[in-house]
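Dear colleague,

Please find below the structure that I am handing over to you. My notes on it follow directly after.

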Amino acid sequence: MSKHLLLQPARVKRVGCILLALFAAALHANATGPTSTSSEYKLKAALLYKLSRFIEWPPAMGKTRPENFKLCILGRDDFGRSLDVLEEHKVNGLPITIHRYTHSTGVDGDCQMLFISDSKRPFMTTILRSFENQPILTVSDARDFAKNGGMIQFVLGQKHIGFKINTYAAQAAGLKIAAPLLELAIVVHTKKNKDTP
Amino acid sequence: MRTTSIVCGDSGHSILGLALLLLLPASSLQAHESIEDYIDMPLADLLSMEVTSVSKKKQPLNETAAAVFVITQEDIRRSGVTSIPEALRLAPGIQVGRIDANKWAISSRGFANQFANKLLVMIDGRTVYNPSFSGVYWDVQDTLLEDIERIEVIRGPGATVWGANAVNGVINIITREASQTQGGLLSLGAGNEEKAFAGVRYGVETHNGTAARMYIKYNDRDDSYARNTGKGSGDNWRSLRGGFRADGQFGETDRWTIHGDAYQAEENQNINLWKDPADPANAVYAPFFLATDVPDSIESSGWNLLGKWNRRFSASSEASLQLYIDHSKRAEEFLTQKHDTVDIDFQHQYHGVSGHEIVWGLGYRRIQDHFSNTFVASFLPDSRALNLYSAFLQDEIELVPDTLRLTLGTKLEHNDFTGLEVQPSIRLAWLPNERSTFWGAISRAVRTPSRLENGSRIVAVIAPAPPAFTPKVVYSLGTKEFQSEELLAYEAGYRVQPKENLSLDLAVFYNDYENLQSFEKIDVQDPLSDVLFDNTIVAHSYGLELAMDWRPLEWWRLQSNYSFIEISSSLNSDSSFPNNENDTSETATPKHQFSVRSMMDLGNQVAFDLWVYYVGDLERPSYSVQMPVPAYVSLNASLAWHPTKTLEFSLVAQNLLDDHHLEFVGENLISPTEVERSIYGGIRWDF
């Protein structure tokens, strides 16, 4: 047997044959359009952006106006690359930047929106308490999130995504939620709160 | 040569099919919107969109009633490892010993050996366990490391689900879905041991939800240090590999995946070769008839193609059908082996009965082998087809919702050597709160005979004789009498996350083995009697593995683990070797192993990682070579700088503490070699 099998033209040709065929396939695929995959988290990523349009943050007192809209993710990131697309968009004229954190003590107080992964569920109440009354919109898909003091909780029904809003938590943080959003949501009351419709 | 033309023929054929699939007009399939489309839609419309969610949330790993550890893509990338066997050092309780540049002894919970046979290894659902010698050729188990999603390392038996040979552990290497590897990736590097490596991947995606990628990679590796000569040991090697993966769906209920790889490796080795005394040409080798340190090369090649189809019948019922073919060829001076495997596997998950999650499956595998026998090693017969039929049923019962879970199951497997094998297990998980899990399990697993043990003739030693007498060749013979090795395992564990940034995982086990492989003389009185593969060893082991993951700061993560094992074994009282001299069960496993990794993000652009691991001494890892391996400590460092999101420069140094050290000793055909200090630089570019 040859000592240089790897470099034999016949071998290279065979490997090349497979790869070329695949590449041809790939090029055809590419011609059909830009990238996409359907998933629960792709929709949730879009919802994060959509929700932000219905929220009014309190003016940053004593601070300079922020340069970016900080969208922060705490815990396991299930969004993958779908979140990166949001960085090409703006909220209230501010370009979105994505920031990922592994534990709550590291989270920057400048985050305007904080998505807390279900992976943080065992520590949710502690985490929520640490962000209480700060102008950070907290969002999660963890069970009982809104009930425990989170602001917006995604819920997955039979086939559709819906959400629960804890208006008390939002108000305490000085966030205003526009009425059209509340109409689409299940409003959760925790603590004494009678202002919601 | 005939086989390689099949590579082009067969895979080319399927790829043509894939191309056709990709060309299907988007309108014939369910339309899938991109996130950009979602963003432009009114909120109310988004909320009315149908979502295909995973039918049931996957059970979080920390609630599993088994000793599981996951090596993530991040772990692989940050550790600087350059191959799958080296990556396994990241897992607790796994013994990885490098025998030479292209051979490893890898085992879980003891019994490591060049031909370690109690660990089942799968890559994307395809088993890479070699049925001829019951083990894994680690040198050819590879893929683009950047495309690996995770490596699941299960310590302890997994036979109820995975089948025979998942005795002491299961390793599942899972690559990313094609949709997760879009765009281009270029990875290049060079160093003293990793002389050159290059990998390219490109992935595309269509509007109808189909995604595909292809990759090609090349490695050129230096030889290791020869103990006998103090020079290079002539075991340098090169490999070339390419592959593809495509994932897609038909409508909302059907998902499919097709992937394949083809590889070729040319690996050098220095071997000791027995010479046939009956051949007058070999007279120069008298009286021992052993040619030492003969340069040889292993020519390895292979390809595989796998298709899998998932269908969701309802929210509580889902099935998958998987088919793969695998071809491999390995030619060495003393043996050439070819394997062609066809495997079909059906699985159905049903959780329509409240509190029960039932999984059952059926499988069939056919392995056609072919050997070109030599004087040194002969498989008998030299060609054979083996059939494996299997069925399994498992029910996960929620005894107390979210708190107490009982899993009962069994595998029934029929093989051509020992007939029906039953491998049941019972597992219990108790979750007193969301932060902790207690679990326990009792399971039975078997290691079925290999072709080697069932029928072979291997030269064990040639006894010198004075001139005019013919030297006696002593053979090891495999026979049909060889039975399966059996294990009854008792395990328990505790996982806790006391704080948000700290988690601990403890597993303890007691293993009871019977019928372990041994050698017995045919004629007890004859000191030069041939020996048979037999089942006369009984053993038991106990031990623990402790893993800790702690993030003291947002930018600093510490991962450490410790494992301890004690094995004792004995031969049956009627053994022909009463002094236990042919049993390495106790002597090939380090009693203690310890590892600490520190991962630091210094600012946004620099990552600095350190990794220290300790492996305890081995009294005698090799059956045929009496050589101990001292304990060793390895220090590894990696520095990565990414000036932009898509570009990374890295510098990796491995085994910094010594010029070279011994990690394991192979069987007598290979001269002992040592692992050298390695330094390499790399560039990674995502485009």
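How many bridges join strand S10 (residues 211-221) of chain B to S12(B)? In this predicted model, the number is 11, and the two strands run antiparallel. Strands (E, at least two residues) and helices (H or I, at least four) are DSSP runs numbered from the N terminus, and two strands pair if DSSP finds at least two bridges between them. Within this pairing, B:Ala211 stands opposite B:Asp247 in S12(B).

On numbering, residues count from 1 along each chain as its sequence is written, while chains are lettered from A and ligands numbered from 1 in the order in which they are written. Because the model is predicted, local features need pLDDT of at least 70 and side-chain atom pairs count only at pLDDT 80 or more, whereas totals for chains, interfaces and linings use all residues; side-chain values use heavy atoms, without hydrogens and water.

S12(B) is also joined to strand S13 (residues 254-274) of chain B, by 14 bridges, and this pair runs antiparallel. Here B:Arg238 stands opposite B:Glu266 in S13(B). S12(B) and S13(B) form a hairpin with 3 residues between them, and B:Gly251 in the turn has a positive phi of about 60°. Strand S12 (residues 237-250) has 13 of its 14 residues buried, so the rest of the structure largely encloses it; buried means under 20% relative accessible area, with a 1.4 Å probe and protein chains only.

Turning to chain A, there are 5 helices and 10 strands, and buried residues make up 48% of its 197 residues.

Yours sincerely

How values were computed. Buried < 20%, exposed > 50% of the residue type's maximum accessible area, 1.4 Å probe, protein only.
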